[in-house]
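Please consult the sequence and the structure while reading.

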Amino acid sequence: MKALARSLIPAAGGLAVALAAALACDALHAPLPWMIGPLLAVAGTRVAGWPVGAMPGGRQVAQWIIGTALGLYFSPLVAQRVGGFVWLLILGAIFAIAVGYLCGFILSILGGTDRTTAVFASVPGGAAEMAVLGERFGARVDQVAAAQLFRILLVVVTIPSLFAALGLHGADPFLAAGGEVRWPALVALLSVTGAAGLLLARLNVPNAFVLGALVIAIPLTIAGVSTSAMPRAMLNGAQLLLGCALGSRFNRSVLARAPRFVAAVVVTVVIAMGISVLFALFMARLTGIHPATLVLATAPGGIAEMAVTAKVLELGVPMVTSFHVTRVLFLLTCTGPLFAWLRHHRRRRDRTRASRGPVA
């Protein structure tokens with residue numbers, strides 16, 4: 001019992017720091033106060049050496065609530081509109097892989113690391129998933145995880161701040177199904193989406209609780225099943241838990257262990273964001289979708305983080321969610337085979353050159 005109490009003390013400290021930061025940022029009207037505030041506060045206190053952490057299971061709970069809330073946006077009309085852009089979703093996923101490989105090449109040069117580690121550190125997938133996948137090919141797991149973490153931090157902090165500075169809010173609104181909170185319907189929906197998340201987690205599916213909630217909530221909303229709106233306080237709490245979970249992954253050793261590598265990661269993430277913005281602006285002119293929506297949709301962030309940003313700023317939640325879900329599916333299924341094929345091709349080319357001998 002005492003051991004359990006001791007293990008919960010850092011989590012309680014992390015939640016206290018996160019809540020104080022969220023309330024302060026909300027009072028200052030900062031962008032995404034309930035996620036960015038806790039993220040920066042918990043990360044800062046951990047880098048300073050304070051023994052704070054995240055609540056066990058907090059990230060999964062946050063993803064479950066956020067995924068359920070996102071699924072409520074997919075009305076039949078919205079689903080039909082998003083379905084008309086399937087080609088764009090696939091193109092966006094291919095673009096993400098290409099940008100990841102380009103930034104991996106740059107990271108290998110600037111960061112002084114091997115190309116395998118650099119690629120899996122740069123492809124915009126989940127930190128845990130890319131670390132596990134990279135380990136199969138001999139990548140340095142610690143550097144892959146650190147790079148993925150810094151990528152999420154930079155994207156989550158930078159893009160909402162720029163949008164707030166530019167006044168991009170409510171430019172492409174979609175309304176969630178169900179305008180009022182009906183607790184019996186909401187409890188029933190959360191029970192089913194939670195069960196789906198647990199099932200996918202047992203099957204070791206990445207982002208299980210986001211995807212599990214979407215798998216249930218989207219078909220129900222498309223079918224017109226009357227559910228409930230998500231209470232603002234519950235969504236704020238989910239953002240707080242998510243920000244706290246992200247911030248708790250930082251510590252002083254992450255920064256001190258490889259400063260050159262960390263600096264190179266920052267540079268490559270900025271490059272990735274810049275290229276993504278250019279791609280989004282081009283596709284916006286081509287499709288007529290609002291540029292801000294496509295910037296969020298193509299940004300190298302995570303599903304939950306970018307979709308929450310879209311929801312809070314009212315910028316095309318279904319489109320942003322669909323882009324990031326498609327990208328995750330492509331990255332997890334294609335990154336490994338593509339890397340194996342490219343490495344085999346490169347080694348065969350090197351052997352061919354070696355067999356020819358030096359040119360006279």
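## Helix 8 against helix 15

In this predicted model, residues I152, V155, V156, P160 and F163 of helix 8 are in contact with E305, M306, T309 and L313 of helix 15. Sorted by class, the residues of this contact are seven nonpolar, one polar and one charged.

Two packed helices are described by the angle between their axes and the distance between the axes. Helix 8 covers residues 141–166 and helix 15 covers residues 303–313; their axes come within 10 Å and cross at roughly 15°. Angles under 35 degrees count as roughly parallel, and helix 8 and helix 15 are therefore roughly parallel to each other. The crossing of helix 8 past helix 15 is right-handed.

## Helix 11 against helix 15

Helix 15 also packs with helix 11, which spans residues 232–247. Here the angle is about 145°, and the axes lie 12 Å apart. Helix 11 passes helix 15 in a crossing that is left-handed.

On the side of helix 11, the contact involves L235, Q239, L242 and L246, while helix 15 contributes A304, E305, V308, K311 and V312. These residues divide into six nonpolar, one polar and two charged.

## Salt bridges

How many salt bridges does the structure hold? There are two. In one of them, the side chains of R140 and D142 meet, with a distance of 3.2 Å from N to O. R140 has a relative accessible area of 42% and is partly exposed. D142 is likewise partly exposed, with a value of 31%.

A salt bridge also joins R182 to E180, where the closest N and O atoms are 3.8 Å apart. With a relative accessibility of 29%, R182 counts as partly exposed; the value falls between the cut-offs of 20% for buried and 50% for exposed.

Helix 7 comprises residues 127–136, and its buried residues are A127, E129, M130, A131, L133 and G134. After helix 7 comes G138, which has a positive phi near 90°.

Helix 5 runs over residues 86–110 and includes S108. Is S108 buried or exposed? Its relative accessible area is 13%, so S108 is buried, the cut-off being under 20%. Leaving aside residues up to four places away in sequence, S108 touches T113, D114, R115 and A118. The C-alpha atom of S108 is separated by 22 Å from that of A299, which lies 191 residues away along the chain.

## Two loop residues with positive phi

L32 is located in the loop between helix 1 (2–27) and helix 2 (33–47). Its phi is near 45°, a positive value in a residue other than glycine. L32 has a relative accessible area of 2% and is buried.

N204 is found in the loop between helix 9 (183–202) and helix 10 (208–222). Its phi is positive as well, near 60°, and N204 too is a residue other than glycine. Whereas L32 is buried, N204 counts as exposed, at 67% relative accessibility.

Technical notes. Residues are numbered from 1 along each chain as its sequence is written. This is a predicted model: local features need pLDDT of at least 70, side-chain atom pairs count only at pLDDT 80 or more; totals for chains, interfaces and linings use all residues. Side-chain values use heavy atoms; hydrogens and water are left out. A salt bridge is a side-chain nitrogen of Lys or Arg within 4 Å of a carboxyl oxygen of Asp or Glu. Buried means under 20% relative accessible area, exposed over 50%, partly exposed in between (1.4 Å probe, protein chains only). Axes are lines fitted to C-alpha atoms, for helices over the stretch in contact, and angles run from 0 to 180 degrees between N-to-C directions. Helices (H or I, at least four residues) and strands (E, at least two) are DSSP runs, numbered from the N terminus. Angles under 35 degrees count as roughly parallel, over 145 as roughly antiparallel, 65 to 115 as roughly perpendicular and the rest as oblique. A crossing is left-handed if the near helix is turned anticlockwise from the far one by less than a right angle, and right-handed if clockwise. Contact means heavy atoms within 4.5 Å. Ala, Val, Leu, Ile, Met, Phe, Trp, Tyr, Cys and Pro count as nonpolar, Asp, Glu, Lys and Arg as charged, and the others, Gly among them, as polar.
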